[in-house]
Amino acid sequence: MLKPTKMTRVVIAGTKDLMETTVSTLHRLNVLHVTDYTEETEDFKIGRPQKSASKFSEYLLSLRTLSSQLGVTGKELSSRKKKAELASQFDEKITTLQKEVSSRFDELRSIEYKIKEKEDLISAIKPFFGLPLPLDAYHGYETVNVYTGFIGTDIEPRLSKITDKYEIFTGDYENRKIFALFVPKAFEEEVQKLLRDEYSYVELKVPQLKGNPPVILNELTNEVSALKEKHALIKLELDNINKEYSEFILAADEYLSIETQKAEAPLRFATSPNAFIIDGWVPSRKFAEIESGLAESTGGSVYLARLEEEAKEEDIPIELNNPRPAKPFELLIDTFATPKYKEIDPAIMIFITFPLFYAIMLGDVGYGIVVAVMAFIIKSKFKSGGLNSLALILLLSAVLSIVFGFIYGEFFGFPIFNIEFQGEPEHGILGIAGPVIAGIHLPIHRLESVQSLLLLTLIIGISHVFLGLIIGFRNVTVEHDLKHAIYAKGSWMMILIGGVAAIAKLMPAMMSGTPVPKSDPIFAGGVGLAIIGIILLIKGEGFISILEIPTLLSNVLSYSRILAIGLSSAGIALAVNKIATKLFIFPNGEYLGGGIGLALVGVIVLFIGHLINLLLGILGPGLHSLRLQYVEFFTKFYEGGGKKYTPFGYNKKYTEE
Amino acid sequence: MVVDPSQAGMIAVGAGIAVGLAGIGAGMGEQAIGAAAVGAMAEDEKFFGKGLLMTVIPESIAIFGLVVALILLFVF
């Protein structure tokens, strides 16, 4: 919690004959983060991949081609495949599969191509139904040119000015006029010019076929349906192959990926003609696993050392270490940047503040329930990965939104309890007055208590920014020293606290028009503290840092979005409800006063309005809550730039030893 | 602060201007970022999250406008 997992640097050295065993053991343990060896010396070179590497990767390539041709998708297997079984038969099976699949697949492609060709022909022929000529009448002349196409006007008057030696056929196709014009080649230039100038002319090419269009069309249609039948047949065969072999393909893919990974591992090691060295990191608590694992597999013939000396902070891989409920929030950390080894990992703080901000913004029982159900569905569909984390984050936020919805007394914008809104009493859904909990009279109607909620958001903002500065103070102290921390972060804390104290006294005085309370100890102390802070800041960071002081104000004011987003969402919900009920369902205060039709319109307005508001209600609070973390909170302390811990190994899904 | 009824309309107009102009400003800021974010996403879909986040950063301005409007309407 708060800090990444403690890491230990490990160096493993041994003779080359033990390399394969060592690699296998490490791969199985799946705990060592290997540091790639890059600086070659005279004695030590980057290792060469094992001979089997090229064989495995070739098979892997063919297998993946097969997999995409068959459309194999990841799924649960009935049982895991044994590794030994796969190792003995994968080459044979892949070769057979290739024979079975690739010829069929090629045929499928060629049939698809043919179908496409014929269908193109069909659509090219159809317009010529409008003309009384067989298709072979359109070509094969030595002295005559044929022009065919759609045209919008009668061109004969203009044509007859060029020559009277022509023949024209016209007809209709789908309400457009089609024509075929036969003119001696001698008039080619003039006729072409005429057609070029005629804007409504669209040229149509006549397919090089013989016979009457309807007859040809019939033939082509028959051919296409025959081809489609054949296509379906082959597709079925491929589907059957897919059904039979998909488990093998998935398992073999995993097996070959693992073997390729192992065979290529030496590319990351330092090797001499007879020895190898592996340099890497392991979570300190797992060091013993490597120690005992290697002792067992190599009989203690491999040298293993734990280096306690300080390494460069950037070189240490980072494994975030948080309690289970806060785990999904690591996604939000990684999206921004992986922390450095000595930095504070803020996941646990986001775990508290992100859902809180979200809930204060959304704060509606109805929306909360809908979002929670959606998140639950996503969570059960995606058992792992980013979407699963996102769903868990959303679920937590939605549940908290329901709580805040209760506090605000809102259910899809309708009041839950009896309230007085803008001076008029309104009946709530439950029909009772709000309860009093811990001395607070519920509900707190958002639109009626803007002033106090605004104050609350500013208090949240000040505390959140201050928390960021405290963490920043700690980070700078660890990375540099206390003096730097006071200059860089302490100064900001003083400005923030001092500024808040001074403004808290100044604002009421200005609002009521009384003179500035210069002698008030809190005001004077605040101003004094802020000035000391500014002096420290200038001393530490230079004169130019004065320009940054206003950002503190905008950072704190930025938290007013917690109120603003919530108000706009509540406002939209209220407006939708008002329009739907007052205008359509209860016109003039009479139930169904405008008839069923009007009431239905009201229901539609209600549905669409809330749907849009709900979508905005997921996006808006989510993004803005995240933005407050990233822009206002993280900038106070977070640098990031660590490498993620990626252990050498494989998370097996389809195979077992 | 007690407001003369004849000035109440001016407050509403002021609130409207605050939200409207702030919205236009935020929009102008977002258009450039949004275009760049879509460009980045065309290269690599993983930029979706970051792009979306970058795009909402100028939205602060709109929210400041909204807050000013709220203060005008509810506090005065």
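Which domains does the domain assignment of chain A give? The assignment gives domain 1 (7-47 + 260-318), domain 2 (50-120 + 217-259), domain 3 (124-216), domain 4 (347-452 + 560-636) and domain 5 (458-558). The structure is a predicted model.

**Overall form of chain A**

- Chain A contains 17 helices and 20 strands.
- With a radius of gyration of 38 Å, well over the 26 Å that the globule rule gives for 657 residues, chain A is more spread out than a compact globule.
- Taken along the principal axes, the box filled by the C-alpha atoms of chain A is roughly 110 × 90 × 55 Å.
- Buried residues make up 32% of the 657 residues of chain A.
- Of the contacts in chain A between residues at least 6 apart in sequence, 80% join residues at least 24 apart.

**Domains 1 and 2 of chain A**

- Domain 1 of chain A is assigned in two segments, 7-47 and 260-318, and domain 2 of chain A likewise in two, 50-120 and 217-259.
- A distance of 39 Å separates the C-alpha centres of domain 1 and domain 2 of chain A.
- The contact between these domains of chain A involves six residues of domain 1 and 10 residues of domain 2.
- On the side of domain 1 of chain A that touches domain 2 of chain A, two residues are nonpolar, two are polar and two are charged.

**An open sheet in chain A**

- In chain A, four strands make up an open sheet with antiparallel pairing, in the order β6-β7-β5-β8.
- The edges of this sheet are β6 (167-173) and β8 of chain A, each of which pairs on one side only.
- Seven bridges connect β6(A) and β7(A) in the antiparallel sense, and T170(A) has F179(A) as its bridge partner in β7(A).
- β5 (residues 144-150) and β7 (residues 176-184) of chain A are also antiparallel, with seven bridges between them; here V144(A) is partnered by P184(A) in β7(A).
- β5(A) is joined by two bridges to the antiparallel strand β8 (residues 202-203) of chain A, where G149(A) stands opposite E203(A).
- In a regular strand, side chains alternate between the two faces of the sheet.

- G566(A) belongs to helix α16 (residues 561-585) of chain A.
- Beyond its neighbours within four places in sequence, G566(A) has contacts with I360(A), M361(A), G363(A) and R446(A).
- From C-alpha to C-alpha, G566(A) lies 63 Å from D197(A), and the two are 369 residues apart in sequence.

**The contact between chains A and B**

- This contact is formed by 15 residues of chain A and 14 residues of chain B.
- On the side of chain B that touches chain A, α2 (47-56) and α3 (59-75) of chain B each supply at least two residues.
- The helix giving the most to that side of chain B is α3(B), with eight residues.
- By class, the side of chain B that touches chain A has 11 nonpolar residues, two polar residues and one charged residue.

Conventions: Residues are numbered from 1 along each chain as its sequence is written. Chains are lettered from A and ligands numbered from 1 in the order in which they are written. This is a predicted model: local features need pLDDT of at least 70, side-chain atom pairs count only at pLDDT 80 or more; totals for chains, interfaces and linings use all residues. Two residues are in contact if their C-beta atoms, placed from the backbone, lie within 7 Å. Ala, Val, Leu, Ile, Met, Phe, Trp, Tyr, Cys and Pro count as nonpolar, Asp, Glu, Lys and Arg as charged, and the others, Gly among them, as polar. Two strands pair if DSSP finds at least two bridges between them. The radius of gyration is taken over C-alpha atoms; the globule rule is 2.2 Å times the number of residues to the power 0.38. A residue is buried if 20 or more other C-beta atoms lie within 10 Å of its own, exposed if 12 or fewer, and partly exposed in between; C-beta atoms are placed from the backbone. Domain bounds come from an automatic or database domain assignment.
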